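Please open the structure in your viewer and prepare to select residues by number.

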Amino acid sequence: LGLALYASSLFAASSAAFLYHDYCIIGAGPSGLQAAYFLQRASRDYVVFERSHAPGSFFALYPRHRKLISINKRYTGKSNSEFNLRHDWNSLLSHDRRLLFRRYSRDFFPDADTMVRYLEDFASLLKLRVQYNTAIVHVTLERDRQAWNGHYFLLTDQDRQNYKCSSLLVATGTWVPNVVNFPGSEYVEGYETVSINPEDFAGQTVLILGRGNSAFETAENILGVTNFIHMVSRSRVRLSWATHYVGDLRAINNGLLDTYQLKSLDGLLEGNLEDLAIVKDKKGKLHITLRFYLENRNTSAGIDSITLPQDELDNFATRAPYDRVIRCLGWKFDFSVYNSSLRMMPGKGDKKKYPQIKPSYESRGTRGLFVLGTASHSVDFRKSAGGFIHGFRYTTRAVHRLLENRHHGVPWPSTVYPITQLTNSIIKRVNEASGLYQMFSVLADIILLRENATAFEYLEEYPVGVLAELEMQTGKKGPNELFVILMEYGRNFSGADKDVFYYNRAVGEAQHAWQSNFLHPVIYFYKRLPTEREMRLRPPDWPLPRPDAIHHIVEDFLTDWTAPNAHILPLRRFLENCLSTDLRNFFAESCFLFAFTRQKLPPFCRQGYVRMQGLMGSEGLWRHAVEAGLLEDYTLTDFLGNRPPDSHEESQDQLLRDHVIPVRPLQHLVNAKDE
């Protein structure tokens, strides 16, 4: 009995040693704080673990030269807050208008210290539950059938305090520097530690390893003081304006391209970094050679015995010695803290720096483990903005909505409208929605047709990669027919080798909308929900399987898709063809006529006029419609002329005014009865 009691007390003590929360978030960077905000608004039990003393510790060090490349466009000419977020790449989503980044900086490319201050305010003003100075050093699983996902997540911090969670949200970003090991790599300085004082490079010759924004940012800082700068990487330079990917080289950092192409000593080279070797001479100069030259050399021999490429090819490009070599190869995800039971595996190829996740942002190896923020960029790597604040603020919200449905029975937010509002709803969203605009080809608006297509249910910003799982992921009844609204670039417009400034690059006519190159709305129509097999077998680079019908709204120079003839009319006719119905708006006179001449009234008449709904007429509105040619004038004014009416005629005229006008509902004067 004593042994049993002792074992029971040990078990109770071990259980008490684990601090439990429904949701654990690792990392208080932008994505971690964004997830915390949504959980707090939903009154969920959560905690955020942050290894530093303040949120956003990555931005306290990076970028090294303190200039962000995320734009802060304070003025757009619009007052619509959702539209303005399209051009605000730094703000997180919240209900607090004080937490818009434009209130923190006037700079178009803000300083990184401003981002640190913004994230501190976001956490403090919203009273988010962040546990600072807590570094999670180990994560493993505990199997339990009673748990939400069949297991709990057990976390241990640097002080050996243990935590237990039902769902784990990893928001640590990618912060481990990418390092390439080759002979002589010990002479290479890392981007994370290299001096940022240009005077330290005065009169020096520098080689930079890498071809991304950190490499060009470093070069830009020392461009005016060095003898020359060479930059080497395995791939050619990719310009963001050509690829339409914000993670590629931005114009703010590309000064080296000018000095290279204008023959001012600087230059770019392509080569496999793993084939390189660096040899240091007696004067401290660094010589570039190839690894295979060192394979059979006598290690005890001096540098003079080492074969250099210029010994065989006297015009070898990097034959001049360098004073410094700087590594700027970006970062990768830290897999070290995750036990093998979680099966957190790196991706393949260019995505190996990210963990493998599903299009729902859930780990492929462990149910209930979601990856947020920059580390989730494998879903849309080199395609959309999911690795950056202006993209993952929306994907984080999508993950929250998935969790709300899965664990708390809260369906995906939606709104039901009568079918007559279908065109207006789509036009409104494509003109102002920021999530669709930033996460193009990744997040989509879903329109589910209801009640024999007399109504529809509108879901915003759903991850299109899990469209086949719509019913399970959203809690919505599977539709018979649906529309999917995406924003897309032209199929062959983006690429490192593309000339995006060629003559006639834009399309202006609706009949050629399918050839649009710039970002524009695309509407897919399906008679049934695509299956998982169809999603897997969809054409390369297509976000969705082949639809039953598809419509491109022609690109617009102002990204303003409200032109009646170029944008709205073709869209309405496409929708009418899909639904086999008439989506036009009508005046009461037309509906009255249709009631006597047609077997089936248009939806607008059935849902408005027949139900005695609509805009009640007044003499001013009615007269405006007559003068605009939208209605015929049925009054007796012209017949009676200016004759002074007798008492009988005056009473008749008064009766006409009192009776005829009020029963003429004018429904949406902006729509003519034949449009």
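The stops below concern a predicted model, and each begins with a selection.

**Aromatic pairs**

A pair of aromatic rings is described by the distance of the centres and the angle of the planes. Across the whole structure, a search finds 30 aromatic pairs.

Begin by selecting Tyr62 and Trp331. Their rings form an edge-to-face pair, with 5.0 Å from centre to centre and 65° between the planes. Where in the chain do Tyr62 and Trp331 lie? Tyr62 belongs to the loop between helix H3 (57-61) and helix H4 (81-84), whereas Trp331 is in strand S15 (residues 331-332), so the pair ties together parts that are 269 residues apart in sequence. Tyr62 has a relative accessibility of 7% and therefore counts as buried.

Next, select Phe483 and Phe574. The ring centres are 6.4 Å apart and the planes stand at 65°, so this pair is edge-to-face. Phe483 is in strand S20 (residues 482-488) and Phe574 in helix H16 (residues 564-579); the pair links distant parts of the chain, 91 residues apart. Are Phe483 and Phe574 buried or exposed? Both Phe483 and Phe574 are buried.

Now select Tyr37, Phe38, Phe101, Tyr104, Tyr118 and Phe122 together. Ring pairs join these residues into a cluster.

**Arginines over rings**

Select Arg324 with Phe201. Arg324 lies over the face of Phe201, 4.2 Å from the ring centre. Then turn to Arg491 and Trp542, where Arg491 lies over the face of Trp542 at 4.9 Å from the ring centre.

**Disulfides**

A disulfide is a covalent bond between the sulfur atoms of two cysteines. How many disulfides does the count give? The count comes to two disulfides.

For one of them, select Cys24 and Cys165, whose sulfur atoms are 1.7 Å apart. The torsion about the S-S bond of Cys24 and Cys165 is about -65°, so this disulfide is left-handed. Cys24 is in strand S1 (residues 18-26) and Cys165 in strand S6 (residues 162-170), so the pair ties together parts that are 141 residues apart in sequence. Cys24 is buried at 0% relative accessibility, and Cys165 is buried at 0% as well.

Finally, select Cys591 and Cys605, which form a disulfide with sulfur atoms 2.0 Å apart. The torsion about the S-S bond of Cys591 and Cys605 is about -80°, so the disulfide is left-handed. Cys591 is found in helix H17 (residues 588-597) and Cys605 in helix H18 (residues 603-609), 14 residues apart. Cys591 is buried, with a relative accessible area of 0%; Cys605 is also buried, at 0%.

Terms used. Residues numbered from 1 in each chain as written. Predicted model: local features only at pLDDT ≥ 70, side-chain atom pairs only at ≥ 80, totals over all residues. Heavy atoms only, no water. Phe/Tyr/Trp six-rings, centres within 6.5 Å; stacked < 30°, edge-to-face > 60°. Helix = DSSP H or I, 4+ residues; strand = E, 2+ residues; numbered from the N terminus. Buried < 20%, exposed > 50% of the residue type's maximum accessible area, 1.4 Å probe, protein only. Lys NZ or Arg CZ within 6 Å of the ring centre and 35° of its normal. Disulfide = S-S within 2.5 Å.
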